[in-house]
Amino acid sequence: MALTEVDVAIIGGGMVGASLAVALAGSGIRTMLVEGTPPGSKAQPSFDDRTTALGNASRRIFQALGVWERLAPEAAAIRAIHVSDAGRFGFARLDAGEQGIEAFGYVVPNRVIGAALWEKLQDGAVLLKVPARPDPVQISDTGVNFALGSESVSARLAVAADGAHSVLRAAAGIEADVEDYDQVAIVANVAADRPHDGTAYERFTESGPLAVLPLHDGSHGVIWTCTPERATEVLSFDDATYLRELQARFGWRAGRFVRAGARASYPLKLTRAAATVAARTVLIGNAAQALHPVAGQGFNLGLRDAAMLAEVIAGAHGDVGSPELLRKFAAWRAGDRSGVVRFTDGLVKMFGDTRPGVGVLRNLGLLLFDLSPPAKSALARVSAGFAGPTPRLARGLSLREG
């Protein structure tokens with residue numbers, strides 16, 4: 001078998017893995033990206049018609065990587081956020097102008113993000129293996145070896161960016177805890193009788209959160225969370241019934257919903273890896289933690305993983321897979337990771353708590369939050385991370401100093 005030696009092998013070319021590859025391109029680090037499904041294929045789950053709300057730190061990372069100009073024409077600015085609890089009086093509003101920023105973030109279709117990243121990877125700086133799957137994978141204290149058909153690959157460091165069901169995570173012997181929320185997200189693009197005003201809505205209902213996000217063409221991206229039984233019913237609706245039920249569930253703040261696109265559904269689970277590093281292996285993105293979509297933090301957290309890992313690797317003097325380097329990465333990312341997981345999981349459970357009196361306390365909390373400028377300012381800064389050092393790319397700086 002032909003042998004290819006690299007410093008870093010990234011397994012998984014979705015949005016997080018491709019972002020890491022772009023960050024390492026031109027750094028002098030010999031990098032390979034392995035992806036099982038071509039990025040332009042309809043079978044590619046990472047680059048479908050779902051949307052991602054990019055926080056400002058993620059925007060700065062993409063600007064530093066040279067891909068934001070490709071995303072900007074199809075990015076919708078979130079200039080306000082409205083949070084409410086269905087059937088109760090509590091709500092909270094955040095205005096970007098009041099926080100001294102242009103927007104809290106930007107909603108971009110996943111297929112646009114994927115196309116921009118893979119365009120950037122066509123310059124040959126990163127060795128691309130697509131479609132390909134590593135099998136078998138052998139990990140030792142000195143490196144990671146795997147086969148790609150008739151080719152043998154040896155890497156000093158393997159990066160698991162292959163999602164919540166990570167093959168590399170399993171090969172490294174890292175366990176993962178999976179908590180099923182017993183919820184399904186139904187995603188669709190919906191047009192109203194008037195263009196949006198840049199407001200992102202998060203409405204908590206008895207069956208789960210309902211998010212209505214602004215899109216670049218004036219329409220809305222709807223993420224309707226409900227029980228699996230209810231999801232089956234909603235997916236069977238014709239467009240008129242879907243729009244009527246959505247209107248009844250959401251209300252009229254965005255106007256009258258008049259047209260709905262194709263609908264897709266995704267089961268919602270919280271997956272947490274027991275560790276983010278092992279011998280010659282590091283986990284990022286959904287391989288490390290796959291979150292509920294409430295508050296839109298999952299990809300932003302994964303992108304910060306990629307940005308910090310790229311910084312640590314690029315700054316390494318010698319072995320990019322050494323235990324010391326991996327321990328440093330894990331320590332730097334631990335606070336942000338645990339903070340975001342607790343925040344999103346806590347929101348799901350707090351607004352899903354039906355015990356007597358909890359709803360009243362919840363709504364009182366929303367009202368108090370609405371009246372508290374410091375609390376709003378703190379929430380506006382969430383996109384920079386909950387704890388630990390902020391990656392250089394997220395601060396708009398180059399990967400290396402100097």
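**Entry 1: Asp182**

I began with Asp182, which counts as partly exposed because its relative accessibility is 45%. The model is a predicted one, so I read every value here as computed from it. Asp182 sits in strand S12. I looked at its backbone next and found phi near 55°, a positive value in a residue other than glycine.

**Entry 2: Arg280**

I then turned to another residue with positive phi. Arg280 has a phi of about 60° although it is not a glycine. I placed Arg280 in the loop between strand S18 (277-278) and strand S19 (281-283). Is Arg280 buried or exposed? Its relative accessibility is 9%, so Arg280 counts as buried; the cut-off for buried is under 20%.

**Entry 3: the protein as a whole**

I stepped back for the overall figures. I noted eleven helices and 20 strands in the secondary structure. Of the 402 residues, 54% count as buried. I also looked up how far apart in sequence the contacting residues are. Among contacts between residues at least 6 apart in sequence, 74% join residues at least 24 apart.

**Entry 4: nonpolar cores**

I looked up the largest nonpolar core, which has 54 residues. Which of its residues touch the most other members? They are Val8, Leu20, Phe62, Leu71, Val159 and Ile284. Helix H8 (residues 298-314) gives this core its largest share, ten residues. Another core lies apart from it, with 25 residues, among them Val107, Ala200, Phe204 and Val348.

Leaving aside neighbours within four places in sequence, I found Val159 in contact with Val8, Ala9, Ile10, Ile11, Leu20, Leu168, Val282, Ile284 and Leu309.

**Entry 5: helix H1**

Leu20 took me to helix H1, where Leu20 is one of the buried residues. How many residues of H1 (residues 15-24) are buried? The count is ten of ten. Among them I noted Met15, Val16, Gly17 and Ser19. Just after H1, Gly26 takes a positive phi of about 80°.

**Entry 6: helix H6**

I checked helix H6 (residues 228-235) for its buried residues, and these are Arg230, Ala231 and Val234. They fall within an arc of 105° seen down the axis of H6, so they line one face of the helix. An α-helix has 3.6 residues a turn, so residues three or four places apart point the same way. On the other side of H6, I found Glu229 and Thr232 exposed. What covers the buried residues of H6? The cover includes strand S12 (176-192), strand S15 (220-226) and helix H7 (239-250). Strand S12 is also where I had placed Asp182.

**Entry 7: the cavity**

I looked for cavities of 30 Å³ or more and the count came to one. The volume of the largest cavity is about 40 Å³. Which residues line it? I listed Thr276, Leu283, Ala288, Gln289, Asp305, Phe329, Arg333 and Arg337. By class, this lining has three nonpolar, two polar and three charged residues. Helix H9 (residues 323-351) gives the largest share of the lining, three residues.

**Entry 8: Ala334**

I stayed with helix H9, where Ala334 lies. Ala334 counts as partly exposed because its relative accessibility is 40%.

**Entry 9: Asp85**

Asp85 counts as buried because its relative accessibility is 4%. From Asp85 to Pro209 I noted 124 residues in sequence and 9.1 Å in space, C-alpha to C-alpha.

**Entry 10: cis peptide bonds**

I finished with the loop between strand S8 (127-129) and strand S9 (137-139), where Pro131 lies. The peptide bond from Val130 to Pro131 is cis, with omega near -10°. Pro136 is in the loop between S8 and S9 as well. What joins Asp135 and Pro136? I found a cis peptide bond there, with omega about -5°.

Definitions and conventions. Residues numbered from 1 in each chain as written. Predicted model: local features only at pLDDT ≥ 70, side-chain atom pairs only at ≥ 80, totals over all residues. Heavy atoms only, no water. 1 Å grid on protein atoms, 1.4 Å probe; cavity = no way out; pocket = protein on both sides within 12 Å on 5 of 7 lines; lining within 4 Å. Points joined across faces, edges and corners; volume = space filled by probe spheres on them. Helix = DSSP H or I, 4+ residues; strand = E, 2+ residues; numbered from the N terminus. Nonpolar A, V, L, I, M, F, W, Y, C, P; charged D, E, K, R; others polar. Core = buried A, V, L, I, M, F, W, Y, C linked by side-chain atoms within 4.5 Å. Buried < 20%, exposed > 50% of the residue type's maximum accessible area, 1.4 Å probe, protein only. Contact = heavy atoms within 4.5 Å. Arc of directions from axis to C-beta.
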